Amino acid sequence: MQSVKDDTGTVKSPATYGGDKLNQVDFRWFIVRSLPHQERKLADLLMKHQAEEKNILEVYCPTHTTVSVSRGGRELQAPLFAGYVFVLSTQKAVAEFVSRCYPEGTILYDNRRKDGGKPGFLVIPEEQMRFFRDFNENYADKVIILERPYSDYAFNPKTNEPNDVVRVVDGPLAGKEGYLTRFRRDKRLVFNMRLPGSGRYCAVSVPNAWNLHVVRVHNAGGDKQAMGTAKERAVDLLVGIIQGCGYGDGTLEMLYGLVKELTVKPSLVDLCKSLCKRGHEKLGQRIAGLGTEDAELILNLIRYERDNTGYVEATFSKLVIRPYLTPTPGVEMGEGNDEAELSHGHFTEIIRKVGIAEPTYYPERQKAELVTTTYYAHIGIMPSPGGSGMGQGFVLFANWDAFLGEYFMTGGRANEKLVEGTAKKNLGEESGGRDREMLVESFRNYAPTLYGVLTDATSAVRAVRNFMVGTETLNVLAIETTGKETAEVDKAKDKLVDTCTHICREISSTVHLAVWRRYLRTVWLHR
């Protein structure tokens, strides 16, 4: 009986690979390496043998064996899978084939077993094999193998800002996560790909990323939105604590005072002692009870204030109601309570816990997980303006001031394009003169909930410009009740929270609407 070699050159006897029952009935994907430029010959031999051997189910020879490789700024053609033929069979069948019909070939061997078992022939899991085949048939002639490691593409080297992390929703790359990276004028998806038959990974880029159906994944290591909201979150944290301690209309004055005091002496311990001496015991105790993360958030704000004197007063000069979604409630919510109320001069603020589940990417582990984070929705409620009598209802509103302010400033063709969605583009001779509908960066395409609020006359939630709250105005998303019954108010409250939260998630999860995602920072103070 003939022997067979593994890819290390070691000679294996048939008894070694065919002695147990599993090797004769268990079908796996094995990799057989051919002599140079003979993979097609090997595949033909295997397929001929397949007709005679029932335990060889499938033979796959990659059709695209060369790809573009980026080296020193140039793109060169180089082999990637040359010399490999993949065989779905029992171990006994593939080993006997190599031994009898193609002795110059080798079966790849796995010397890196992590389960403590004896080394054996390398097998490719079905899921990995399916991805490899789909990828090879659809993208191998377009993909570019990058010279630098995958982690190098986490940031834009020109701006030093983190690149968006995205997940492909459907198609051959479904489930793949990577960085949306700009290469000259092209946006490409860069992801880490494990090469079949080895433990090696390489960074690859797929061009024309806009043609892929992707969603943004929150980047726990450096999300643009989280970085942009750091100072806003610090101010909001202080505002919430001050309001929760009952300072009402004096909230901003107290905020400015705390910031000035910390700028002179950046010590929260000394600030709390000073507050207690001046009769602000409750406020001092609340600040003293802050965790390490919140304390550092405030001290980072103070460092920025010291370098940019007057930033807080100039940026936060008006306060009606806090942004719609914040990481902290402000008021103390008892254990088991999901909602609290805070009285203001002209309205009552309802503060409700909202759990938001987001795909979250951890760069250090190169892994994404679905993480649910608790936020707090802030809704104002007051009697409907302009009415009177027993039948008068309430109006509930959420602060979307800067976001909607920017929207209301758009007009004419710009506004039509923003909400309209699809647009026809004539491709001329290339498409036989046919028109093709193109997706534009619009609310209709990428934020359908907001699109409905802005365009549907029957929408319960509506966008209101310059909504009056006492003597101040806000741009808000609002809903009105016709009566004051508790059930109707609760229903309106749920509707407003659900609508606003859906809009936040839609805008945050798309790789499009980047301008509006920046304005979303004023609505959702993302962690």
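## Close-up views of side-chain contacts in a predicted model

Across the whole structure, a search finds 22 salt bridges, a salt bridge being a side-chain nitrogen of Lys or Arg within 4 Å of a carboxyl oxygen of Asp or Glu. The model is a predicted one, in which local features need pLDDT of at least 70 and side-chain atom pairs count only at pLDDT 80 or more, while totals for chains, interfaces and linings use all residues. Residues are numbered from 1 along each chain as its sequence is written, and side-chain values use heavy atoms, with hydrogens and water left out.

**View 1. The protein chain as a whole.** The secondary structure of the protein chain comes to 18 helices and 26 strands; these are DSSP runs numbered from the N terminus, helices being H or I runs of at least four residues and strands being E runs of at least two. Of its 527 residues, 49% count as buried, where buried means under 20% relative accessible area, exposed means over 50% and partly exposed lies in between, computed with a 1.4 Å probe on protein chains only. Among contacts (heavy atoms within 4.5 Å) between residues at least 6 apart in sequence, 63% join residues at least 24 apart.

**View 2. Salt bridges between partly exposed side chains.** Side chains of opposite charge can pair when their charged atoms come close. Arg28 and Asp26 meet in a salt bridge with an N to O distance of 2.8 Å; Arg28 is partly exposed at a relative accessible area of 38%, and Asp26 is partly exposed at 25%. Asp152 and Arg148 form a salt bridge at 3.9 Å, N to O, with Asp152 partly exposed at 35% relative accessibility and Arg148 partly exposed at 38%.

View 3. The closest N and O atoms of the salt bridge between Glu296 and Arg303 are 3.1 Å apart. Glu296 counts as partly exposed at 36% relative accessibility, and Arg303 is likewise partly exposed, with a relative accessible area of 42%. In one network, Glu339, Arg352, Asp490, Lys493 and Asp494 are joined by salt bridges that share partners.

View 4. The whole structure holds 17 aromatic pairs, counted when the ring centres of Phe, Tyr and Trp (its six-membered ring) lie within 6.5 Å, with planes under 30 degrees apart called stacked, over 60 edge-to-face and the rest tilted. Tyr60 and Phe86 form a tilted pair, 6.4 Å centre to centre with 45 degrees between the planes. This pair links distant parts of the chain, with Tyr60 in strand S4 (residues 56–60) and Phe86 in strand S7 (residues 84–90), 26 residues apart, and both Tyr60 and Phe86 are buried. Tyr179 and Tyr361 form an edge-to-face pair at 6.0 Å centre to centre and 85 degrees between the planes. Because Tyr179 lies in strand S14 (residues 177–183) and Tyr361 in strand S20 (residues 348–362), the pair ties together parts that are 182 residues apart in sequence; Tyr179 and Tyr361 are both buried. One aromatic cluster is formed by Trp400, Phe403, Tyr407, Phe408, Phe443, Trp516 and Tyr519.

**View 5. Charges over rings.** The charged end of Arg133 sits over the ring of Tyr60, 4.3 Å from its centre, a charge being counted over a ring if NZ of Lys or CZ of Arg is within 6 Å of the ring centre and within 35 degrees of the ring normal. Lys231 lies over the face of Tyr304, at 4.5 Å from the ring centre.

View 6. Val214 belongs to strand S17 (residues 214–219) and is buried, with a relative accessible area of 12%. Val214 and Ser509 are 295 residues apart in sequence and 8.9 Å apart in space, C-alpha to C-alpha. Residues up to four places away in sequence not being counted, Val214 touches Val166, Arg167, Val168, Val169 and Val511.

**View 7. Glu349, a buried acidic side chain.** Glu349, found in strand S20, is buried yet has no salt bridge, and the nearest side chain of opposite charge, Arg322, is 5.0 Å away; here Lys and Arg count as positive and Asp and Glu as negative, whereas His and the chain ends are not counted. The side chains of Glu349 and His378 are joined by a polar contact of 2.7 Å, that is, a pair of N or O atoms within 3.5 Å of which, within protein, one must be able to donate a hydrogen and the other to accept it, residues adjacent in sequence counting only if both atoms are side-chain atoms. Leaving out residues up to four places away in sequence, the residues that Glu349 touches include Gln243, Ile321, Arg322, His378 and Ile379.
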